[in-house]
Amino acid sequence: MILGLIVFFGVHTLTIQRKLRAEVIAATGEGGYKIGYALASFAGLALIIWGFAKYRATGWIDVWTPPTALKHITVALMLPAVIMVVASYIRGRIYTTLKHPMLTGIKLWAAAHLLANGDLGSIILFGSFLAWAVYDRISLKSRSDAGAPPIPVGGPGNDLIAIAVGTVAYLALAFAFHPAVIGVPVIGA
């Protein structure tokens, strides 16, 4: 899991290092950079998932026991977190208000999961995502360029679409993905 976090955040931190990123693009081309970025991200994510599953199966270490109420709060916080991530792609007023809804959604996702999980592996996993999202958000203030071509921003109609798509994604994640892939039911956990 730790190796996966290093790979995943290492490649995502490359985005922040604009000069190094430009050198990699110059050496590999835009397409090569994107393919390498995607493959490294996928490899890191796969290692995180595999490592966390192995940890859960063999090395669980409790640090604290969260009250049941915090698990219910986590379930509630996940809906806006997913909507924020969707709003980073279906841009409307949510996007313009939050400026970086993807990072805000990741921070909310990570913080919510830190509330509900008191074991060492979860603290490392979700704490790492929270720390990276905070670091990335701070770094955005010092970047000289936007990095990617601008995506047009729509009006309130896009917000309604983002909310609808986010709600459907939340329900799919909560009731299909989480129990099947993570092995923990969201309700009754």
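Visitor: Where is the place of tryptophan 64?

Guide: Tryptophan 64 is placed in the loop between α2 and α3, the latter spanning 68-87. Helices here are DSSP runs of H or I with at least four residues, numbered from the N terminus. The model is predicted, so that local features need a pLDDT of at least 70 and side-chain atom pairs count only at pLDDT 80 or more, whereas totals for chains, interfaces and linings use all residues. Residues are numbered from 1 along each chain as its sequence is written, and side-chain values use heavy atoms, with hydrogens and water left out.

Tryptophan 64 counts as partly exposed because its relative accessibility is 35%; buried means under 20% relative accessible area, exposed over 50%, and partly exposed in between, with a 1.4 Å probe and protein chains only. Tryptophan 64 contributes to a nonpolar surface patch of about 400 Å², made together with Ile61, Val63, Leu120 and Ile123. The residues of a patch have over 30% relative accessible area and no salt bridge; nonpolar side chains (Val, Leu, Ile, Met, Phe, Trp, Tyr) are joined within 5 Å and like charges within 9 Å. The accessible areas come from the Shrake-Rupley method with a 1.4 Å probe.

Helix α2, residues 18-58, also contains isoleucine 49. Isoleucine 49 is partly exposed at a relative accessible area of 49%.

The search of the whole structure finds one salt bridge, defined as a side-chain nitrogen of Lys or Arg within 4 Å of a carboxyl oxygen of Asp or Glu. It joins glutamate 30 and lysine 34 at 3.7 Å, N to O. Glutamate 30 is partly exposed because its relative accessibility is 38%, while lysine 34, at 51%, is exposed. Arginine 21 is found in helix α2 as well. Arginine 21 is buried yet has no salt bridge, and the nearest side chain of opposite charge is glutamate 30, 4.7 Å away; Lys and Arg count as positive and Asp and Glu as negative, with His and the chain ends not counted. A polar contact of 3.3 Å does join the side chains of arginine 21 and tyrosine 33. Such a contact is a pair of N or O atoms within 3.5 Å; within protein, one must be able to donate a hydrogen and the other to accept it, and residues adjacent in sequence count only if both atoms are side-chain atoms.

Nine aromatic pairs are found in the whole structure; rings of Phe, Tyr and Trp (its six-membered ring) pair if their centres lie within 6.5 Å, with planes under 30 degrees apart counted as stacked, over 60 as edge-to-face and the rest as tilted. One of them, phenylalanine 9 with phenylalanine 129, is edge-to-face because the planes stand at 70 degrees, with ring centres 4.8 Å apart. This pair links distant parts of the chain, helix α1 (residues 2-16) and helix α6 (residues 120-140), across 120 residues. Both phenylalanine 9 and phenylalanine 129 are buried. Phenylalanine 9 and tryptophan 132 are stacked, since their planes lie at 25 degrees and their centres 5.6 Å apart. That pair again links helix α1 to helix α6, here over 123 residues. Phenylalanine 9 has a relative accessibility of 10%, and tryptophan 132, at 12%, is likewise buried. Ring pairs link Phe8, Phe9, Trp109, Phe126, Phe129 and Trp132 into a cluster.

Two loops complete the survey. Lysine 99 lies in the loop between α4 (93-98) and α5 (101-116). Its phi is near 70 degrees, a positive value in a residue other than glycine. Most residues other than glycine have a negative phi. Asparagine 117 lies in the loop between α5 and α6 and is buried at 19% relative accessible area. A polar atom of the asparagine 117 side chain lies 2.8 Å from the backbone oxygen of histidine 113.
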